[in-house]
Amino acid sequence: MASTTSLVLSSNHRSPNHRSISASTSEIPPVSVTQPPTSSQLPIEKIPGNYGIPIISPIKDRLDYFYFQGRDEYFKSKIQKYKSTVFRANMPPGPFISSNPNVIVLLDAKSFPILFDNSKVEKKDIFTGTYMPNLKLTGGYRVLSYLDPSEPNHAKLKNLLFFLLKSSSNRVIPEFHNTFTEFFNDLDKELETKGKAGFNALDDQACFNFLAKSFYKKNPADTKLGKDGPSLVDKWVLLQLSPIFSLGLPWFIEDPLLHLFPLPPFLVKSSYQKLYDFIYESSTSFLDEGEKLGITREESCHNLVFATCFNTFGGMKVHFPNMIKWVGSCGAELHKQLAQEIRSTVKSNGGKITMAGMEQMTLMKSVVYESFRIEPPVPFQYGKAKRDLVIESHDSAFEVKKGETLFGFQPFATKDSRIFEKSEEFVADRFIGEEGEKLLKYVLWSNGPETENPTVYNKQCAGKDFVILVSRLLIVEFFLRYDSFEIEVKNLPLSAGVTITSLERATF
C-alpha cells in the first residue's frame with residue numbers, strides 16, 4: 001500500500017442527490033490540508049506521551065477509556081494533548097489481565113499500514129490486543145488468528161479456510177437468497193403486528209443459518225442446535241472479548257467484573273461443545289482436507305468453529321446492522337437510486353443476481369465500501385516490532401524499538417482528513433469513478449488494503465471477498481424487495497441496534 005499520499009483527493013463525480021450524513025463518533029480534530037515534507041525531509045522526533053506509574057496509570061487509563069471519557073474521546077484528547085497522531089499510551093485491559101498494556105498508538109492513514117507489513121511486525125498471540133484469551137476457549141489450540149505468518153501452521157490453516165470458501169462458493173448466492181427471504185418475511189410480520197421490527201435478533205439468526213447452510217450444507221433447525229446458535233456464540237465470544245468490552249453497566253460494577261480478571265472458561269464449556277459438535281458432524285470433507293494438510297481433525301474443527309462463529313458470524317453480526325444504519329440514515333433519495341440501479345441491472349442479467357451483475361452496480365458497491373470505511377467491524381489492529389524501525393505520520397518520523405507493541409485504531413485511520421474529503425460523513429458515491437477507486441487502498445477493514453488480497457503469507461482476512469460479497473447481497477436483496485425504509489438506532493456494545501419503523505414494498 002502506498003502510504004505517502006497526504007493530499008485530500010477530491011471527488012468530482014458527486015451527485016447533488018446523494019446525501020451525506022455526519023458520523024457521530026471518532027471525530028478527528030481538523031488539520032490543515034497541505035503537502036507534507038517528503039520522506040527524506042521528515043524530522044525524526046521522540047514519540048510523545050508516556051506510560052505513567054505502573055499499575056496505577058494503566059488502571060486510570062482503562063477507566064477513562066471505558067467510562068470517564070469513552071473510547072473515541074480517549075484518543076481525541078491525546079491527539080490534542082500531544083499534537084500528534086502517533087503517541088504512547090496504555091490500552092485496556094491492563095492490570096491484572098495484561099502484563100504489559102504499553103503501546104504506541106497509530107491514528108492516521110500513513111502510519112497505520114505498518115501493521116500489515118509482516119517484515120516489520122509480528123502478529124503472534126496479539127489478535128485481541130495486549131492479552132491472550134484462555135486456550136481452553138478454543139480447545140487448547142492457538143487458532144489461526146493468533147498465529148504469525150512465520151509459524152508453520154499458519155499456511156496450513158489458512159489453506160484450510162481457502163478450501164472451505166472455495167467448496168461453498170456455488171451455494172453462497174442461492175442460500176443467501178433463501179435465508180434472507182425468510183428474514184425479510186419475518187421482518188414484515190413483526191412490523192405488521194408490532195408497528196416496529198427489531199433488525200438485530202432476526203439478522204443474527206439469519207446470518208448463522210446462512211453460514212451453516214452455505215458452508216456445511218446443514219440447517220441448524222434440523223439438528224440439536226436448533227435456534228440456539230447465535231446465543232451460544234455470543235456467550236463464547238463474550239468470554240474472549242470481555243477484557244476489552246463494555247456492557248454499559250456502572251463502572252464500579254462492570255470494571256471489576258470484566259476487566260480485572262478473565263472470566264473462567266467453564267462458564268461456556270457446554271455452549272462451545274455444542275458449536276464444536278455441530279461443525280464436527282457437518283464438516284467431514286474439511287476435516288479430511290485438514291489431515292491432508294497435516295492438521296489433526298480436532299485442530300481443524302476448532303479452527304473451523306473460530307473462523308465460522310467468531311470471525312465470519314461475528315463480523316456479519318456487527319457489520320450488517322451498522323451498514324443498514326448508515327444506508328437508512330441517508331433517506332429516500334439514495335434508496336430510490338439504489339433500487340433503480342439494482343433492479344435494472346438484475347433485469348438485464350436475466351432476472352438473476354450474479355457476481356457479474358453486481359460488479360456493474362457502481363453505487364451499490366460504493367455504498368458497501370463506504371460502510372466499511374466509516375465504521376469498520378474490527379476497529380483494532382496490533383503488532384510487535386520485529387526489529388528497530390522508523391514509522392511515519394504525515395508530518396513526522398518516529399523511532400520504534402524491537403519488541404514494542406504497535407496499536408492502530410482503524411476508524412481514525414480510515415477517516416483521516418488528509419486522505420478523505422468530508423471524512424466524517426457517509427458519502428454514498430465516494431468510491432465511484434477513477435478518482436473514487438484510487439481511494440480503495442485506504443479502506444482497511446480486512447486487516448489489509450481493499451486493493452490487496454489475502455495469502456498464506458499475510459494476515460489479511462481469508463474471507464475478505466466473501467464478506468464483501470455477502471454485504472453486497474444484503475443491499476441487493478433489500479432493494480429488490482423494498483423501495484425505502486425508516487429506522488431508529490441505539491448503541492449496543494458491539495454494533496448499532498437497529499429498529500425498522502417503516503418498510504415500503506417495491507413499486508417498480
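Trainee: Hi! Before we look at helix packing, what does contact mean here?
Mentor: Contact means heavy atoms within 4.5 Å. Keep in mind that this is a predicted model.

Trainee: Thanks. So what do the buried residues of α3 pack against?
Mentor: They pack against four helices: α5 (199-216), α9 (284-293), α10 (297-330) and α16 (464-481).

Trainee: And which residues of α3 are buried?
Mentor: The buried ones are His154, Leu157, Lys158, Leu160, Leu161, Leu164 and Leu165. They sit on the same side of α3, because they cover an arc of only 150° around the axis.

Trainee: Which residues are exposed on the other side of α3?
Mentor: Pro152 and Lys166 are exposed there.

Trainee: What span should α3 have, going by its residues?
Mentor: Helix α3 has 16 residues, 152-167, so at 1.5 Å a residue it should span 22 Å. Its end C-alpha atoms are 24 Å apart, which agrees.

Trainee: Switching topic: how many cavities of 30 Å³ or more are there?
Mentor: There are three. The largest cavity holds about 50 Å³ of space.

Trainee: What lines that largest cavity?
Mentor: Its lining is Met132, Pro133, Asn134, Leu135, Leu137, Thr138, Tyr141, Tyr146 and Gln240. Six of these lining residues are nonpolar, three are polar and none is charged.

Trainee: One last thing: where is Leu42, and is it buried or exposed?
Mentor: Leu42 lies in the loop between β1 (20-22) and β2 (44-45). Leu42 counts as buried because its relative accessibility is 7%, and the cut-off for buried is under 20%.

Trainee: How far apart are Leu42 and His394?
Mentor: They are 352 residues apart in sequence, while their C-alpha atoms are 8.7 Å apart in space.

Technical notes: Residues are numbered from 1 along each chain as its sequence is written. This is a predicted model: local features need pLDDT of at least 70, side-chain atom pairs count only at pLDDT 80 or more; totals for chains, interfaces and linings use all residues. Side-chain values use heavy atoms; hydrogens and water are left out. On a 1 Å grid over the protein atoms alone, a cavity is a set of points where a 1.4 Å probe fits but cannot get out, and a pocket is an open set with protein on both sides within 12 Å along at least five of seven lines; lining residues have an atom within 4 Å of a point. Grid points are joined across faces, edges and corners, and a volume is the space filled by probe spheres set on the points. Ala, Val, Leu, Ile, Met, Phe, Trp, Tyr, Cys and Pro count as nonpolar, Asp, Glu, Lys and Arg as charged, and the others, Gly among them, as polar. Helices (H or I, at least four residues) and strands (E, at least two) are DSSP runs, numbered from the N terminus. The expected span of a helix is 1.5 Å times one less than its number of residues. Buried means under 20% relative accessible area, exposed over 50%, partly exposed in between (1.4 Å probe, protein chains only). The arc is that of the directions from the helix axis to the C-beta atoms.
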